Amino acid sequence: MATDNGCEPELSDSLKTFGAVLKALREEARLTQEQFAPLMQYSVAYIAKIEQGKRFPPRDLLDRSEKVLGAVAAKVLKAAARSLTRTAGLASWFQQWAGIEEEAVSLYAYECAVIPGLLQPEPYIRALFDRRLPPLSEEQFERQVTARLERQRLLTERPNSTFSFVLEQALLERHFGGIDVTRVLLDALLGFGRLRNVEIQVMPLRQEDHTGFEGPLCLAETAEHRWAGYVEAHDYSMLVTDVKAVSAMLQRYGKMRSQALSHQATASLLKQMRGAL
């Protein structure tokens, strides 16, 4: 839900496990690395490093696996990658919240600095990481892009969970990354907004009664119907579990929902902005 722009943790045993699964499936298909690599459109050396757990599997490798390895093997490989891609590219200080996010029955977010990660289309994600300081290596860059896109599966994989977002209109007016990126962003927001379990509201540029002056916040309701809060800035984060503090965050978020445009009015505004580009 949050920006989670920090550097990812060290390569873990889970990468080695994924590599072992890939190797076993390749060998089961009776393909050598020299045969397998060109079919997957990668070099032999790159495939070898993935199998050794030294490289993070790119998204298109998973997409091509069905054609090369077959539907059953591709399903196994994607299952092995799912938990890996949701954590291995995420900042270490974000992973605790990411775990809560995975199991939440309700997720709320107010954002005034950047579009929430769960709503970011790939061009917007790449524009963000392109501008990150200090710069990311190419491998770190691709890892984090893949991890963020994988997190977005929560919106469709958890249809019984409720997702609510309040976004500042300024984030859309800024045209971050350029007109083309903004066009894709608006299309993505309209698409996400059509999901029955997702509500997106825009906070107007001019709103005299605005409760969000204390900054971005995230809230999650657990399966036990307990609430937790989360705030972050500049590669630091804080998980909020104190009942009184979380209650205050819930009050602020509830008030902001009443101050923002309705879900329907937001969709109309997004369409209008899309048409004006």
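**Helix packing, cores and ring pairs**

The cover over the buried residues of α13 includes α10 (169-173), α11 (179-193) and β3 (198-203). Here, contact means heavy atoms within 4.5 Å, and buried means under 20% relative accessible area, with exposed over 50% and partly exposed in between (1.4 Å probe, protein chains only). Helices (H or I, at least four residues) and strands (E, at least two) are DSSP runs numbered from the N terminus. The model is a predicted one, in which local features need pLDDT of at least 70 and side-chain atom pairs count only at pLDDT 80 or more, while totals for chains, interfaces and linings use all residues. Residues are numbered from 1 along each chain as its sequence is written, and side-chain values use heavy atoms, with hydrogens and water left out.

The buried residues in α13 are His 263, Thr 266, Leu 269, Leu 270 and Met 273. Viewed down the axis of α13, these fall within an arc of 115° and so line one face of the helix; the arc is that of the directions from the helix axis to the C-beta atoms. On the face turned away from this buried side sit the exposed residues Gln 264, Lys 271, Gln 272 and Gly 275. The length of α13 (residues 263-276, 14 residues) also fits expectation, because 1.5 Å a residue gives a span of 20 Å and the end C-alpha atoms are 20 Å apart. The expected span is 1.5 Å times one less than the number of residues.

Across the chain, there are 13 helices and six strands, and buried residues account for 47% of the 277 residues. Of the contacts between residues at least 6 apart in sequence, 76% join residues at least 24 apart.

The interior can be described through its nonpolar cores, each a set of buried Ala, Val, Leu, Ile, Met, Phe, Trp, Tyr and Cys residues joined through side-chain atoms within 4.5 Å. In the largest core, of 34 residues, those touching the most other members are Ile 115, Leu 119, Phe 163, Phe 165, Leu 172, Leu 189 and Ile 200. Helix α11 gives the most to this core, with seven residues. A second, separate core has 16 residues, among them Leu 25, Ala 37, Tyr 42 and Ala 81.

Rings of Phe, Tyr and Trp (its six-membered ring) pair if their centres lie within 6.5 Å; planes under 30 degrees apart count as stacked, over 60 as edge-to-face and the rest as tilted. By this rule there are six aromatic pairs. Tyr 108 and Tyr 253 are stacked, since their ring centres are 5.0 Å apart and their planes lie at 10°. This pair links distant parts of the chain, with Tyr 108 in strand β1 (residues 106-111) and Tyr 253 in helix α12 (residues 243-259), 145 residues apart. Both of these tyrosines are buried, and ring pairs link Tyr 108, Trp 227 and Tyr 253 into a cluster.

Some backbone details deserve mention too. Leu 133 and Pro 134 are joined by a cis peptide bond, with omega about -5°, and Pro 134 lies in the loop between α7 (122-130) and α8 (138-151). Gln 41, in the loop between α2 (33-40) and α3 (44-51), has a positive phi near 65° without being glycine, and is exposed at a relative accessible area of 56%. His 175, in the loop between α10 and α11, likewise has a positive phi, of about 60°, and is partly exposed at 29% relative accessible area.
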